[in-house]
Amino acid sequence: MRPSTVVLALLAGLALAFAVIFGHFSGSTATDAERLAANRALVEHYGLTDLALFTEARYTRHPSQADLHSAFQDHPSALEHFPTGSLVSPRSLPLFRDASLAGKTTSPD
Amino acid sequence: MHPWLEKQLHLIDFTLASLARRKTKNVGLLLAYTLIVFVLASLSLFTHALRSEASYVLAGSPEVILQRMVAGRHDLIPPGYLERIGRIRGVQKKEGRLWGYYYDPVVNANYTFMARPASEVADGTIMVGSALARERGLAPNNTISFRSYAGKLFGFTVAAVLSPDSELLSADLVLLSENDFRRFFEYPEGHYTDIALSVANPQEVRTVAAKLSTALPDSRPILREEVLRTYQSLFDWREGIVLTVLAGAILAFAILAWEKASGLSAEERREIGILKAIGWETGDIIRMKVWEGLIISLTAFLLGGIAAYVHVFHFGAAVFAPVLKGWSVLYPRFTLVPAVDGLQIATLFFFTVVPYTAAVLVPIWRAAITDPDAVMRA
Amino acid sequence: MIELTNIRKAFNQGRHNEYWALHGIDLSVEAGKVTALRGPSGSGKTTLLTIVGCLSRPTEGRVRFKGEDISGLPERFLTDIRRQSFGFVFQQFNLIKGLSAVDNIILPGMPTGRPRRALVERADELLDQLKLGHRSRARVEWLSGGEQQRVAIARALINDPEVIIADEPTANLDTALSREFLAILEGFTAAGKTVLLTSHDPLVVDSSAVHRVVGMRDGRLTAD
């Protein structure tokens, strides 16, 4: 077989596999849907607010509950030193509570 | 077969033969390119799937959580606070919650302790998350002791282990009765950690929160929408490590493309001259090079993408696990639901295939348009 | 067949190193015959060859091929004519390393979109005629000088052109191989092809295979 036909066939095969994997296999199956629903129910039942992904520090474990100054820990210059702290951003939009300050401060909290 | 098609096959034959002449170099190139696509695609798939799952699952979290702030820090809810909220229209339920952190020196791990009603957890028993159970080797009916911050030892019996399917949410949870919680942490009587409120109508949540702020000026309401927003910005591309990985991958890719674009060797220039001399048009030469760019970049993209999918959704993004774990001891085992963001994949395609193909064309452009008589003179 | 009228060619025109290689050449190349350009190096033979074969354009003057003026044609049409009607054999052979003999030979046929099988068949035919069939799949850099030249000739013939142009064809060959080349020349004439070549090898210029010899010196034709 000509090299060109071999390569084109390979590419076509890869493209097909790509399309099948990304098209057909994405999205949840029935078991997935069950699991997700069960987890959502768990969240509701226990009143959870965060994923238990980063158990390094309080503010990485509960980033949505952390107060504005928790990254400073106990000292103003105790800057971020937990690796996963770099994966969660500081809030880009103001908290509801601080909405009245919007536009009045030079930098966001 | 149509002459145009036959001609493209000829061009591809030639370009493959050219690539085969420097087999090791080109295979290395393909591998490097595939690796870059793999890393970028893995990152993209993983973060998107995690964010999707978080926003779905956390949609069940309380509508408003009220915290009390003293001198900028989170402080306890004192007795009477709940009553001061009074009756606010739209609030269906308000309850004081008790939860906190515990550092376990045995495994150097942090746990989250949560108090639950007596109907769920009896005094003297606890329910634990499955990652914790795994780490401490716990099963139902085992006993475990925790030393409180005051120095006293408390023993508990494990009543149940939470489902492993929920590890992403419950990995480090220890659920115990309110009495046990207060005794263990020596929590002041009548105080709570925070207050969870449920509001029936989502449109009213902000109004309720406004009323709360007025009634209790030292409080800080956290709305569910803010919780969800926190998790939307998780792994944002501007974030520390993500930015570093991205920058690294883009730099590597730029080097690759630069190497391609930075000019032809004398040998390559001569070959283009020969092709023109024997009857290839400028357009034929350019078309041939476009095929070269497309074949390499498409192969790398497809292979890298498929590998990324398998990596993230079958192997749980094992490559990123050390980063995500950071310094924590407990790390949840979880498989994500394949949620693919078509836009991200399309962007990845556009930014890998197009620049590379263009980079292949740049150096040959001039050679392809010059007169071939230079060949005769060589 | 081919008519050259007042051909003048300059290099680096307008710059300080401007150089006129040809100073007004008038030449008529007869169809079906072998014409040789003889002259010392620097006489402009190769330049004239490139102009005749549409590899470059004259600075002044006209080239007519079968009555049609080709010197002013756009690149697309020029390449088309070059591909269909002219076959080149370069002095340095100019084969593409890393490809087999067959792959080299079919190169000029690729842009035409002819099926690969037809091209390879024709290439094998040509190689057999040139007594090189047994080396068809060998890489060209492993072939000897004479073998490479025959591959170059076969490449020139793949599209069955009417005119063969050869630049110093025997420069890298010994006597025996040169004699073989002359036999090939005679084969071209028998097939009705026109040949234009340059040489300062007396073996070629004085042989009976060459029908006309034109002298050149310093960019001008000399009386032969």
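Two strands pair if DSSP finds at least two bridges between them. Helices (H or I, at least four residues) and strands (E, at least two) are DSSP runs, numbered from the N terminus. This is a predicted model, in which local features need pLDDT of at least 70 and side-chain atom pairs count only at pLDDT 80 or more, while totals for chains, interfaces and linings use all residues. Residues are numbered from 1 along each chain as its sequence is written, and chains are lettered from A and ligands numbered from 1 in the order in which they are written.

**Stop 1: the sheet of chain C**

Select strand E3 (residues 34-38) and strand E8 (residues 194-198) of chain C; the two run parallel and are joined by four bridges. Within this pair, C:Ala36 stands opposite C:Leu197 of E8(C).

Now widen the selection to the six strands of the open sheet, in the order E6-E7-E8-E3-E9-E10 (chain C), with mixed pairing. Strand E6 (86-89) and strand E10 (220-222) of chain C are the edges, each pairing on one side only. From one strand to the next the twist averages 25 degrees, with axes being lines fitted to C-alpha atoms, for helices over the stretch in contact, and angles running from 0 to 180 degrees between N-to-C directions.

**Stop 2: C:Pro202**

Go to helix H7 (residues 202-205) of chain C, where C:Pro202 lies. Is C:Pro202 buried or exposed? A residue is buried if 20 or more other C-beta atoms lie within 10 Å of its own, exposed if 12 or fewer, and partly exposed in between, with C-beta atoms placed from the backbone. C:Pro202 is exposed, because 9 other C-beta atoms lie within 10 Å.

**Stop 3: where chain C touches chain B**

Two residues are in contact if their C-beta atoms, placed from the backbone, lie within 7 Å. Select the 26 residues of chain C and the 26 residues of chain B that make up this contact. On the chain C side, helix H1 (45-52) and helix H2 (75-85) each supply at least two residues, and H2(C) gives the largest share, five residues. That side divides into ten nonpolar, eight polar and eight charged residues. Here Ala, Val, Leu, Ile, Met, Phe, Trp, Tyr, Cys and Pro count as nonpolar, Asp, Glu, Lys and Arg as charged, and the others, Gly among them, as polar.

**Stop 4: helix H1 of chain B**

Select residues 3-21 of chain B, which form the 19-residue helix H1. Its buried residues include B:Leu9, B:Leu11, B:Ile12 and B:Phe14. To see what covers the buried residues of H1(B), show helix H1 (3-24) of chain A, helix H11 (282-313) of chain B and helix H4 (116-129) of chain C, which are among the covering elements.

**Stop 5: chain B as a whole**

Zoom out to chain B, with 14 helices and eleven strands. Along its principal axes the C-alpha trace spans about 100 × 45 × 40 Å. Of its 378 residues, 42% count as buried.

**Stop 6: chain A**

Last, select chain A, which has three helices and zero strands. Of its 109 residues, 27% count as buried.

Methods. The expected span of a helix is 1.5 Å times one less than its number of residues.
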